[in-house]
Each structure stands twice: as C-alpha cells, then as structure tokens.
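Morning, everyone. Please bring the structure up on your screens, and we will walk through it together.

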Number of protein chains: 2
Amino acid sequence: MTQTRKPSDPKHRTREPKTPSSSSSSSFSTSGMKLIVPLQGVVQGRGGLFLGTLIPCALFYFLQLYLKRRRSGFNNPPSPSSTSSPTLPRTSSRSNLSTRGSISRVRVSKLATLVAKPDDSLYYLGLEKVSQDPYDASENPNGIIQLGLSDNKLCLDLIGKWVSRNLEGSLMGSSDDVTLSINGIAPYQPHDGLGELKMALSDFMQQVMGESVKFDPSNMILTSGATPAIEILSFCLADHGNAFLVPTPYYPGFVRDVRWRPGVDLIPVHCRSTDNFNLNITALEQAYSQARKRGVKVRGILISNPSNPVGNILTPDVLFSLLDFAEEKNIHIIADEVFAGSTYGSDKFVSIAEILDSEYVDKSRVHIVYGLSKDLSLAGFRVGVIYSFNHTVLAAAKKLSRFSSISAPTQRLVASMLSDKRFIQEYLETNRYRIQQVHDKFVDCLSKLGIKCAKSSAGMFCWADMSGLIRPYSEKGELELWEKFMSVSKINITPGSACHCIEPGWFRICFTSISFEDIPLVIERIRRVVESCKSSS
Amino acid sequence: MTQTRKPSDPKHRTREPKTPSSSSSSSFSTSGMKLIVPLQGVVQGRGGLFLGTLIPCALFYFLQLYLKRRRSGFNNPPSPSSTSSPTLPRTSSRSNLSTRGSISRVRVSKLATLVAKPDDSLYYLGLEKVSQDPYDASENPNGIIQLGLSDNKLCLDLIGKWVSRNLEGSLMGSSDDVTLSINGIAPYQPHDGLGELKMALSDFMQQVMGESVKFDPSNMILTSGATPAIEILSFCLADHGNAFLVPTPYYPGFVRDVRWRPGVDLIPVHCRSTDNFNLNITALEQAYSQARKRGVKVRGILISNPSNPVGNILTPDVLFSLLDFAEEKNIHIIADEVFAGSTYGSDKFVSIAEILDSEYVDKSRVHIVYGLSKDLSLAGFRVGVIYSFNHTVLAAAKKLSRFSSISAPTQRLVASMLSDKRFIQEYLETNRYRIQQVHDKFVDCLSKLGIKCAKSSAGMFCWADMSGLIRPYSEKGELELWEKFMSVSKINITPGSACHCIEPGWFRICFTSISFEDIPLVIERIRRVVESCKSSS
C-alpha cells in the first residue's frame, strides 16, 4: 500500500529529493548522503517520496543489524551453541532471538533522566563535596568542615547514654519469652506507625510546642522522616502541574520533596532583609494573583516555622493572616514545624495547631509536618509525622505511608525514649541551652569579622549577610564566594541562591554539627576568606 | 461579550428553558427550579441563553454567602472582637477576611480522592477485617485467622534469641564511649543505605541464591522494604501512562506499587492451570502486541520469581526467553525475588542475576527487587533492596531513596545479624525445613478435604483449587465462597480475583503466619465451609 503525496505538500517539503550537487546543511554524514541521495533519485515518480524515505530507513536497519552481530562476535565465542554457560545450558529454540531486534539502549523514564543528573543546586553539591573529603580532627584535619547540613550533634552524649541504658528493655520488653518480644517487632506492623509511638509523639509535640495545644494521635500518620511527610502531603493536596506558594528564602530540599515525584511547582514569595525576611501578606497576595494570571492553579502555601534558613518565628498575627488568606483563596497550608523545639531567644514559638484551637476556621486545610531529626537529634532514625485534620488526606496518607514506613525496632526504641518524661524534659532544656550557647558565641565571632546575621530565635543555623564580601553584587558574586569558602577555607555553607533568596550575599551556616570547642577553628577558616576578600578589593 | 446559540444546537439542548409545567428529571431541587425557570423565561431573546445561565449562578453564589454568614454566626460569638482566643489576641486588621471568600470545602488531589476510598480488592478488605477482629488463642479464640498475609512466623524463636543476645553490641558497638557509638546512628546517614549493610546483604543474597552468583554492593540501593523498591523502579523505568506486562495470577500489592503514584498500568499476561500457571512466552508476545495495537507504550515486564501467589519457580530456560523477549522489544525486566530463600521441594531457584552472568546480554535492562521481610522473617524491620545494572537508574534511585530510607539503628542491627554467618546458615536451613513441614502437612490436610493445590517449590502459601466449591463458576461464585470463609469459618484467605487470576475458584492460603500446632484448627475451620458447600449443592 503506497501513498502518493504532492511534492508541494509543505509538510513534506524537507524530504524532497536533493540533487547531489546541491549544498546540504543536513545532519546526515557525507558518505551516507552519497549512497542515499542517488537511490532517492532512482525511485522518482509515483510513490517516489514514500520509497525515497523507506529505502534509507531499511539501509539503516541493516546497518544496525550488521553492527550488532559484529559486537556480539567480539563478546561471545563464535559457535552459537557455546553462547550459554556450561552451568546453565540454554535449551530454548528461541536462543537465536538475541540477534534480532533493536540495539538501542533501553530507555528510562523522564523522571529518572532528570533526577540522575548531577545536582545543579550548590546545597547538594556542597554535601557531595563534604562526603568526598570530610573533616576529622585527628584523621583528616584538612578536610571540609560540614556547616551545610542541620544535623544537631550538641546533645548526642545524652541520647547515647539513654540508648545504652535502655536499649534492651525498649526493644525486647521485660518478658523472658524472646519469641513473644520479637513478635511485636519482626512481623508486619501498621504501616502508618505503632499506636504506642503515636501516643508518645502526641505528648512530646505538646511538650515541645509549649503545653498549650493538644495533639490527637488519630490525626497522625508516621513516615520515615519529615521528607516523605512533605512528599506525601504534596501528592495528597495537589495534582501534577499545580503549585504551592513558598516564602523565600526556603529550605533547598523543598524542591526535591514537592516537585520531583508529585510534580508540584513552587512559586516564590520573596521576603526581604528590610523585614528580617518575615512573611509579608501583600507579597503573598501578589504572587498568588500573578500565578493565577499565568493560569497556574495554586493549591497551597508551604511554610517552615521556625523558618529554615533564617531561624525566625511566625507571630500568631501572621499565622491568623495566613489562615484568612488560605480560606479566602480556598487553598491548603502545609506548616513544616520541625524546629519547633529548637528555640532560644525571646520570641516564643506558636504552632499553627494552637491558632486553630483558638479560632473558628476550616481545619481541614491545615497540615503540619513534624519529625525527630532536629528537636531530638535523631536524623538517622528517620521518624516523621503528618498531622492533619483532613479525613481524606489522612486516609490517603495512611495508605501511602506504606512506601515510607518506619522500622518497628526504631519505633519501639523511640516510643520508649519519648515516654521517659524526665529524660525528655532534661534533654529539651539542655538542648535549648547548648544551641543558644553555640549560637551566641558563633554570631558574636562572626560579628567581630564584620559579618552580621539576621535576628533569629530558633534552628541550628544563622543566616549571615556576606553581601559586603561579594563582587559583583549578584548571584555570580555569591557563587564565587561560596567556591572560595570551599577551596580556601574548606568550609561547606549554603548560599542564599540555593534557598531561592532574592538578595545575593546571604549564607546559611549550620553550627550544631560542630562542637563548642570547634568554633575557633571554624571562625579562623572564615577569617581567611574574609581577609582574602578584603585584600583583593 | 454575549454569545448567541441556536436553540437547535444539539450540544445545548439540555439547557433549553423548560416551562414550569414540564415534567423534569433534573437534579435541581423543586424550589430552586421554581425560582430559576421563570427567570430564564424572562431573558429570552439575544443573549438569553447566556444570561439564563448567569443569573442562576449569581443566585447560587449569594445563597452560599448567606449560608456562610449564618454558619459563622452559629459558631462565633456575635462581637467580631471576641472571635480570638484570650491567649492569642488577634490584632490584624485583616480579621474581617474570614467572612469573605468561598465556603466550598478545600479540594484534595485526584490521587488522594482515589486512594482514600475503601479498597475494592478483597485482599485489602480481608486484611482490614482481620485487623478489626484478630484471632488470638487465649484472648479472642473466635476471631478471624490471618491466612491472607505472607508473614513468616515459623522462625521467630531463632530471631528473638539472636536479637536479645546481640542487640547492645550490634547497635552501640563495643566501645565504652557512648557518644561515639551513637554518632554512627543518630545523625544523618547515607540515604541509600549504610555501606556495611550493603556488604552484608551482598553476601546474604549470594548465600540465599545458591552461591553461584555474586552481588556487587555498588549496584545496590536500600529502601524501607521491597514495596518502595518496586515503586521507585516503576518511577525510574516508565513514564505516567506507560505499562508493564505482568504474568497472572500476581501479587495484589503490585497495583498499589506500580499504578498509584508512578501511574504505570499493569497489563495481565494470563497463565493457566493447565500449565501449572507457568509463564508462557506466546501469551507474553500476544499481550505485548495487543497493547501496542491499543497505542500503549510497554516499558517492562514485572515478574515475581519464585511466584507469588503460586509458589512455582521460573526455569533458567524461561528466564533466557524472557531476556530475549525484553531485548527484542527493548524493554526492562523487574524481577521480584523476595522469596528466593524460602524454597523447598525439588525445583532449584535460579536468580536472573545468574543468567546474566552466563550470557551476553544488555544487563542495563534488568532490575532485581529483594528484601528481608520473607526470607529473614523481618517484615517489621522494612529492609528492601534495588539491585540494578543500569547506572542512570541507580543514580536516580539513590536520590529517590531519600523518601524511603531505613532507620540507621535497624541497619546496624541487621548488618550485624547478617554478618553472623553461622547463625544465618542455621536460620536458613531451619526456616526451609519448617516451611516444608508446614507446607506438606497443610497441603496433605487440604487434599483430604478434596482441595488440590498447584505444584509449588517456594513461598509461604499454597495456591488452592476450590473451583469445585464455587457456584456459579465465576468471579461471583468465588466472591461468595470468600465471604463464606470469612463469616462461617472466620478465615481470611486471598481469592484469585484479587490476584487477577483468569480462572475462578483459586485461593492463596498463607500458612507461615500460624504455627504447626494451629494447623488442625485451621483445617477444621476450612472443613466447615467445604461441608456447607457440599450440603447446599
């Protein structure tokens, strides 16, 4: 069945036969053209265009086949029967199939292609560089110091002591029947978390968030860290191609959690240094209307409170305004409160859950993310929480938690730790005290180097203004300063651009992954960069 | 801008004004119709249809506004200033916003709406029913016995003893410095698994899969169970709307893992009882071509080997044919080998990895799923493995494992257990022996009741032919028998329809979640159903 097409058909104009003499900008190789073009000439006339397309395709197919056979020949012994290993003889008559078919590499998904690429965010690049050459006081004193990850190591002594004392009892109970004990952790457990851990977490969250708000275990879904909690919520609240509003600067990981698999876009709501990077509702309104004008469906606001990377806390007044805004636009609020218990300074943290208790609002649009990586220093344990008032979201998240379940032994261990109220009280107080000590000392030392930090009241980092050290005053200048920190002083910090900050020159410096004693070393390394910047200016 | 449409336009026929006297099957309420219909009559003429649509909409909007204000009035005290709680006074001038905007419930995603619905698969319905009324010999002897979940409880005594002896040393090491010990598990660890666990798992997989194949730890990504391993692979290998071929009957969970979030369709390749449900390559070819004819992009074949629910093992010859088929079509193979070590009977298990070692093939299309839930009875520990030869897939899966990381304490504990070669050897042998004992006894008892099982060599279940007990011979008959098992004998088993089996009357019965001593009780309960079926026929 051949099809005739008029040569003047514009769709096929590019496939019109060319004479060998015509100058060609085609991507075909010259030798290929020498073979194909005369052949196309031969089949002019009725069906010429069809055959003129078919013949080169057929030639290309046979070329592939030839190359494949040749390649097989390099790798396999020549006899077809000996292509199988002696231990696994191949009896199937289909063995000759392997010489048929395409030799093209098997395709992977668009997502895999995208995700597999090296990260272009300096946040991940910095983490990668540290993993290749990590600082160690005795074994690698010239390695890179990690100040780019909010890992809290200030109270590991307390955690270590508790675990070593209580491990056996927590996991295996007090019964002598080990089979009975292991029966509570080895077989399948509820995917969304053990009831005992949900109960313990409710109490812990209440304690951390100031005792004036209660958490109901039945509104909880547990996940293997706060990261999958945010991802699951994104899957539940928005369809692929929808968007969330996010105040900037924001945690670099949000892009991974929200965009990669759920396919939800992040629309920045820019906050400014003149407001100490506090959220401005007018900016929120503007970002929302602009998105709507572009035809984007905004389905929620994603906030971190206390803020990562700035460390400031949303006031109850701003939280009220956020709720009003979300209600007016009929969208969701996701509040990432993982730093709720890591506060210091004068500002008191208020959970959005507390605001809900005190006001008539439609709670079904509010979803809280919590976890134990920050406030309890247990990042390696992977314990996260979705706390939601929306029954559909809870029902869906419960089933989706199957993909991000927490290991049962860890759940038992953590439930037991959280239930030790005396220990928890002591831990929380000590942790807050130590964070404040390191923060104050660190910020003071930076100040003496001429580096000011944004006012903060929580978190494991300071948000430092190094705009005076960058030249040009742009993202390029910021990147160059970051590279200088990495190469000259071997320090990994997170540049503002990785946090989508609109003003260049700001950096997040995490200070809880080092000890109090390491501060002088870190400051000395920073001083080197500051001086090199001053001397070159 | 108004649009005129001819009343005869068929697309708009349903919106033609009706006279009040015409009998209406519309879903509008009668009172609403009384108001709206005359108004539509009034605005006939140019633009009438447009206005006739607009006016009821506007009326509906004002009705909503009225209802909202009224509802707010019920819930809030009358004075606007007292809507705030005394502890969290609201100072914002925006407080009046809460009365504006839409009162419609906030929307969740299509996925959440779908997933939140009660499961229509009897597999999940059965699990749900058991969780509400679980059998317990002493506390709930009339509860439902769980034979619908392949949980292996036959060797929990061995696991329990090992854990109780080695827990402290495994997690905290032998050092006296508890801070140093906890530093290896409390802070962030590599998301794709600890190196020590990957090493231990490589050795374990080699031991389980017959010593003739080696596994390279650098081809491994660890996940919180085999379930997220399958999901991550689906995300990596296929785009939304693509499909995998799956031989039936298949594990009911595949739909959840492959379709829910990755959006990949499962195309059944029907296997028949006459072939003992073994995979037939001709059926595979047919399913593939039919899918292509429908315009579906097939991106892979998903197999479970040993098969769940049948328990049979793919021969090396079938594996070779599968590889040929995949190469010819240029598609992937995902081999779920989680039951590799739970074998008995005469057929030897051969991993697809071994086939790859013995033959020149493009390894980059082969991906193995493994885990410790079955072969090591550690379902609650959530340890899964992606073993792939594809560098792009490994790079992407490494980053995606951030959403399904295994808790570090569990990794330490399991790595230590797997490294105890003597224990593992003893465990594997005992486990195989006990599975065989229970299997043989169970199948023998069923046979005496007239129920035959498919020939099997692995797994924790038998695939029982109860087609003689169903009437009519259809899915309906099968469902009725399942309900009889649930209500008459309080036993949860998995019907073939939940496994997408094309022949009605087959059931998967898991026998490892009960003890050897419980077999008579279970058989007695089954006997009751068999007799009730016979007496009613």
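This is a predicted model: local features need pLDDT of at least 70, side-chain atom pairs count only at pLDDT 80 or more; totals for chains, interfaces and linings use all residues.

Start with the chains. Two copies of a chain are related by a rotation about an axis and a shift along it. Now look for the axis from chain B.

What about the surface between the copies? Of the interface residues of chain B, 100% are also interface residues in chain A, so the two copies meet through the same surface.

Next, the helices. Two packed helices are described by the angle between their axes and the distance between the axes. Our pair sits in chain B: H16, residues 475-487, and H17, residues 519-536. They pack at about 130 degrees, and their axes are 9 Å apart. That angle makes H16(B) oblique to H17(B). The crossing of H16(B) past H17(B) is right-handed.

Which residues make the contact? H16(B) supplies B:Leu481, B:Lys484 and B:Phe485. From H17(B) come B:Ile526, B:Val529, B:Ser532, B:Cys533 and B:Ser536. Sort that contact by class, and you get five nonpolar residues, two polar and one charged.

Now switch to chain A. A:Met486 lies in helix H16 of that chain, residues 475-487. Is A:Met486 buried or exposed? Its relative accessible area is 8%, under the 20% cut-off, so A:Met486 counts as buried. Leave out residues up to four places away in sequence, and A:Met486 touches A:Gly126, A:Lys129, A:Ile144, A:Ile491 and A:Asn492. Take A:Gly126 from that list. A:Met486 and A:Gly126 are 360 residues apart along the chain, yet their C-alpha atoms are separated by 8.1 Å.

Last stop, back in chain B. B:Gly311 is in the loop between strand S5 (298-304) and helix H11 (316-329). B:Gly311 has a relative accessible area of 0%, so this residue is buried too. What does B:Gly311 contact, beyond its neighbours within four places in sequence? The partners are B:Ser456, B:Ser457, B:Ala458 and B:Phe461.

Terms used: Residues are numbered from 1 along each chain as its sequence is written. Chains are lettered from A and ligands numbered from 1 in the order in which they are written. Side-chain values use heavy atoms; hydrogens and water are left out. Axes are lines fitted to C-alpha atoms, for helices over the stretch in contact, and angles run from 0 to 180 degrees between N-to-C directions. Helices (H or I, at least four residues) and strands (E, at least two) are DSSP runs, numbered from the N terminus. Angles under 35 degrees count as roughly parallel, over 145 as roughly antiparallel, 65 to 115 as roughly perpendicular and the rest as oblique. A crossing is left-handed if the near helix is turned anticlockwise from the far one by less than a right angle, and right-handed if clockwise. Contact means heavy atoms within 4.5 Å. Ala, Val, Leu, Ile, Met, Phe, Trp, Tyr, Cys and Pro count as nonpolar, Asp, Glu, Lys and Arg as charged, and the others, Gly among them, as polar. Buried means under 20% relative accessible area, exposed over 50%, partly exposed in between (1.4 Å probe, protein chains only).
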